[in-house]
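This report covers a metal site, a chain interface and a set of charged side-chain pairs. The sequence and structure come first.

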Amino acid sequence: MKKQAMFLTAIAAVALLVYSCGSGTPPPAADAPAADSSMTAPAQASSQTPTDETKGMGKFAEVKLTDPLDQTMVTSGKSTYEVKCAACHKLSGEKLVGPGWKGVTERRKPEWIMNFVTNTDEMIDKDPAAQAMLQECMVRMPNQHLTDDEARHLLEYMRANDGKK
Amino acid sequence: MKRLSLMLGLVAATAAMQSCKMKTAATAVQGDAASKTYVAPGKYDEYYNFVSGGFNGQVSVYGLPSGRLLKVIPVFSVFPENGYGYSEETKAMLNTTNGSIPWDDQHHLDLSQTNGEQDGRWLFANANNTPRIARIDLTTFKTMEILQIPNSAGNHSSPFITENTEYVVAGTRFSVPLGSEDVPISSFKENFHSTASFISVDKNSGKMDIAFQIVLPGMNLDLSHAGKGPSHDWFFFSSYNTEQAYTLLEVNASQKDKDYIVAVNWKKAEEYAKAGKGKKVSAPYAHNTYDEHTQTATSVIENEVLLLDPKDCPDMVYMIPCPKSPHGCDIDPSGEYIVGSGKLAALIPVFSFSKITKAIGDKQFEGDFKGIPILKYESALYGEVQKPGLGPLHTEFDGRGNAYTSMFLSSEVVKWSLKDLKVLDRAPTYYSVGHLMIPGGDTKKPAGKYLVAYNKITKDRFLPTGPELAQSAQLYDISGDKMQLVLDYPTFGEPHYAQACAASLIKDKQVKFFDINKNKHSYVAMGEKNAKVVRQGNRVDVYMTAIRSHLTPDNIEGVYVGDEVYFHVTNLEQDWDIPHGFAIKNNPNAELLIMPGETVTLKFVPEKQGIYPFYCTDFCSALHQEMSGYLRVSPKGANVPLKFGTGETAETVAAK
Ligand SMILES: [Cu+2]
């Protein structure tokens, strides 16, 4: 059963400490049963992982931004936000379950955001910024299985939320 | 099993002699057995084993060779673990013409086939007591359809299927009068009948329908199997009590030295049905289907069935004499051999399909049973396995020309050769074995690596658990010349028949979550924004969402004593294995388990005023304990307005 998820969280907190000392302890997901292909799949994706670590890990090495904003994408991103994200993320800077979205496109590179929302488990297990967020929120962000398009549209919606034109 | 124990008296003396063969339990599993069944966590078992739950009305799923229990699928019984039969969406699944029946006796299972090989699409299950057939989808392991069988009682010889899953059969164990006329029991011979129902299965959707029922003389149908290859057009049923006794059957149904195997040409029956040779009769029955898009079951009462009388349909049914009280009626992978198992006979009769066909052509009959021609025993017989053991029950095949028969009385599995009918090996079981199972052992292509024996009695096998001990299964490695017992494990309920298929056949088809964007449930809350509470009269619908780690709304006020409150909980997660639960204090109903992307409804009618906490029952994250909320129930007529929200506090409200 998914008891695994909560143990992972608990183990994660401890393991993070060890890991950060450079002991070489593998990150928790490596111990997780290979049962979840949604967890193992990203391993392939990460072969294209961007070399710039501020871009996170996942299949998005280069995201081309639009100028001005693509309003169709913004609208589609909004509806995805409402169904899949709004339960945990406010549009303001206020933390709910996860951090508020205000300013996220300033804090993170577009590639990082796209990788995080599509390659959630690997990011939480390995990316330093994502791990720091886990320690703060204590709930692993659910992998909401966004398609590449949904992720891109969501990014556009985040940019609109941050006042980009 | 209970019935079988009745004959213990008959054969007690010989059984006692035979029992000295039994080895002690301590020496049962030997050598490298443990390493043969060890499957490390994170490694998958090679087979899925679907085991009937007997009187618990469910199906349990084990991994083989590890014997690990993976899941219990509720089929004919309500299941508090996930709210099956209690949730508003699934209540209709247990509807019958006698109202909701939350229990049954589940005996046999059959995996769907294409060209005589397993195709990993569906699993069919029977209910004996209130005759029903269910279809389980193997992508979700959910019960998708339940069809009630009219004109039937003790739906035992089911749900066996034809080579391309054209039909699932349902054969009557207890003969009863057709319709609902009031007749004396002593008029059994005139008024009682057994029926063999043929249920068609839609190739694409799996949807079941009763195509026709064949009316047979009053007797007990026990098991069945479809022909394959050359015998594709035929179905074979074993029978007992052809004496037509209706009291003290243990004596009165054991008068003759033979019963019959009923051979039904279902292709002919199909033609007769199409040609209008049948009679449509009124026979109400429930047909329950679960719609995967609306995630809701509906129950429809159908009103008539088509009856085929062998009298009007020549060449459709024949009787083949079979040594007393045959249980199994098993067809070998080639489709040529039909193995009966005379439970009360000390031999195993093996019939030949080509000889049967020839005997029919040559009209080699020895009379008729209520108008149905009886073939001459010798003209249909291929040969007899002599002295196989005591109480032969059921036979499976390994695809290498060998057959394995369970011996209830002498508690052993006997391996014999189809070619020369010689006994090759025997292995003890612990104890009173019922059915056997080889993965694909009833198909054209058995995977003859393992055999599982399902035992009725365990005595000294496991820790005592009161007067009743665990039922058990035993796994044998049959890849060599000698059978080797490699694992012995307890099971749920009373296992009867089982089926197993390669995990590779269904493993990668598993649904991991339901796409929230395709959720067509009428009460879905598509995102937290749409969570709300709506009152109409005294009905209150709560459109609630669940995600790690809160419920929305989590504060509800303005509900009164006696209101009918429906909690429609939508799980917003889109990740594998993240169900959320939902329970509310003092609810006399059950709880829910909602799969990712799914909506499920729990009804609650508060009878007392008070504050009712509700919470997620399935540990979902580090903050699972925090996943909770409150419902305020006020007295009837109180002036408390309807109010709901999440994250609102006295302070935030005051600040506005
Ligand atoms: Cu939960």
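A polar contact is a pair of N or O atoms within 3.5 Å; within protein, one must be able to donate a hydrogen and the other to accept it, and residues adjacent in sequence count only if both atoms are side-chain atoms.

## Basis

This is a predicted model, in which local features need pLDDT of at least 70 and side-chain atom pairs count only at pLDDT 80 or more, while totals for chains, interfaces and linings use all residues. Residues are numbered from 1 along each chain as its sequence is written, chains are lettered from A and ligands numbered from 1 in the order in which they are written, and side-chain values use heavy atoms, with hydrogens and water left out.

## Interface of chains A and B

Five residue pairs are in polar contact across the interface of chain B and chain A, both residues at pLDDT 80 or more. Contact (heavy atoms within 4.5 Å) involves 27 residues of chain B and 29 residues of chain A. The two chains bury about 2,400 Å² between them, with 57% of it on carbon and sulfur atoms; buried area is the accessible area (1.4 Å probe) that two parts lose on being put together, summed over both.

One salt bridge crosses this interface, the term meaning a side-chain nitrogen of Lys or Arg within 4 Å of a carboxyl oxygen of Asp or Glu. B:Lys529 and A:Glu82 form a salt bridge at 3.1 Å, N to O, and A:Lys78 is linked with both in a network of salt bridges.

## Copper site

Donors are N, O and S atoms within 2.8 Å of the metal (3.2 Å for Na, K and Ca); water is not among the atoms, so sites may look incomplete. For the copper ion, the protein donors are B:His580 (ND1), B:Cys616 (SG), B:Cys620 (SG) and B:Met627 (SD), at 2.2 to 2.6 Å. Angles of 94 to 128 degrees among the four donor atoms make the site tetrahedral, a class that requires all angles to lie between 85 and 135 degrees. The donor residues follow the spacing H-x35-C-x3-C-x6-M.

B:His580 is buried at 0% relative accessibility, and B:Cys620 is buried at 1%. Buried means under 20% relative accessible area, exposed over 50%, partly exposed in between (1.4 Å probe, protein chains only).

## Other salt bridges

Over all chains, the whole structure has 40 salt bridges. In one of them, B:Asp398 pairs with B:Arg400, the closest N and O atoms being 3.3 Å apart. B:Asp398 is buried at 2%, whereas B:Arg400 is partly exposed at 43%.

Definitions and conventions
Tetrahedral: all angles 85-135°; square planar, octahedral: opposite > 155°, others 65-115°.
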